[in-house]
Amino acid sequence: MRRHLAATCLALLATASSSSAALACNSPVISIDASGQAEFISPGRDVKPDMERIYGASPNPDAILVVDARTHRGTWIGRTELPGVLAGFGAQSDGYLYSGPDHCLPPGLPVDLPETRRQPDELPPGKPPIDLFPGIAPRSGLWQARLGKTRLEGCPALMQQAFPKSPADLPAEWLTPRKLTFQRPFHPDQLEMSRRLSAEGLSRITWRNAGENAWTTEVFPELFGQIPAGQGAGSKMTWRLTLKSETEIEHLSTVSIVLPKEAAAVLGGSNTCRLVSRNSWVRVSD
């Protein structure tokens, strides 16, 4: 079935490009919802600048944006890649729902029409034309850090004395509420800590999807990567962010320290020491 659909799609691509330009159809968007249903959307206005602001610049004028609600990611593809979208992105349908004007429907595109022909929702300029990610997103406003205790696992007693155990032991500015602005869909790159570490060259931050509304990244990989073998190689620091609600973001920070065997024998404890801190950001007001 998919091979047949792929062959059909390949045959229509050249026709679709020329006819779309002639009839002034805007750049399409392919949306894959949480259930795996794919939808081909032809917006009523040019939304490409809005999409590029959210998902990055289009690699070429004819590129199509594919957004996947399951991974909270957007991917630009070339029109020649259209036949492989359903299989490549793991869609659970053999065809697309279609939203848009009849004349913008590419000839031969495998379409599963809903009972009522839908039209893309219109939103003010500067916003996506549709709600590509209907899940939760944090609300802009005044947010405050709520720092939990640091839990040490397998660490020598000497190391345990070196780390603060409660928010009272930390600088006051860490707890000061600050104004945060979020865009939909939410991604951890919107947070100041991500932008600052990357912008100042302190650490490469690459967030990976870790489940629904959750992301994880390794922090300071270059620094930890310089530790010689036998002297702590394998140590690392990871962050895990979970969007709990519109007003709470959980931040789990884990530092795993591989102690040299000699140090572990002298200091006591195991040769793997973990520092786990469960913190959160909470929206306190507008």
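## Cavities, a disulfide and buried residues in a predicted model

The structure holds two cavities of 30 Å³ or more, a cavity being a set of points on a 1 Å grid over the protein atoms alone where a 1.4 Å probe fits but cannot get out, with grid points joined across faces, edges and corners and a volume taken as the space filled by probe spheres set on the points. This is a predicted model, in which local features need pLDDT of at least 70 and side-chain atom pairs count only at pLDDT 80 or more, while totals for chains, interfaces and linings use all residues. Residues are numbered from 1 along each chain as its sequence is written, and side-chain values use heavy atoms, with hydrogens and water left out.

The second largest cavity contains about 30 Å³ of space. Its lining, meaning residues with an atom within 4 Å of a point, consists of Ser-27, Pro-28, Val-29, Val-47, Lys-48, Met-51, Leu-65 and Trp-76.

Two of these lining residues, Lys-48 and Met-51, belong to helix α2 (residues 48–55), where Lys-48, Asp-50, Met-51 and Tyr-55 are buried, that is, under 20% relative accessible area with a 1.4 Å probe and protein chains only. Helices (H or I, at least four residues) and strands (E, at least two) are DSSP runs, numbered from the N terminus. Seen down the axis of α2, the buried residues fall within an arc of 155 degrees, so they line one face of the helix; the arc is that of the directions from the helix axis to the C-beta atoms. Strands β3 (64–68) and β4 (73–77) are among the elements that cover these buried residues. Just after α2, Gly-56 takes a positive phi of about 95 degrees.

By the rule that a disulfide is a pair of cysteine sulfur atoms within 2.5 Å, the count comes to one. It joins Cys-25 to Cys-104, with an S to S distance of 2.0 Å. Cys-25 lies in the loop between α1 (2–22) and β1 (29–32), and Cys-104 in the loop between β5 (97–99) and β6 (141–146), so that the pair, 79 residues apart, links distant parts of the chain. The torsion about the S-S bond is about -95 degrees, so the disulfide is left-handed.

| Residue | Relative accessible area |
|---|---|
| Cys-25 | 14% |
| Cys-104 | 10% |
| Glu-250 | 16% |

Technical notes. On a 1 Å grid over the protein atoms alone, a cavity is a set of points where a 1.4 Å probe fits but cannot get out, and a pocket is an open set with protein on both sides within 12 Å along at least five of seven lines; lining residues have an atom within 4 Å of a point. Buried means under 20% relative accessible area, exposed over 50%, partly exposed in between (1.4 Å probe, protein chains only). Contact means heavy atoms within 4.5 Å.
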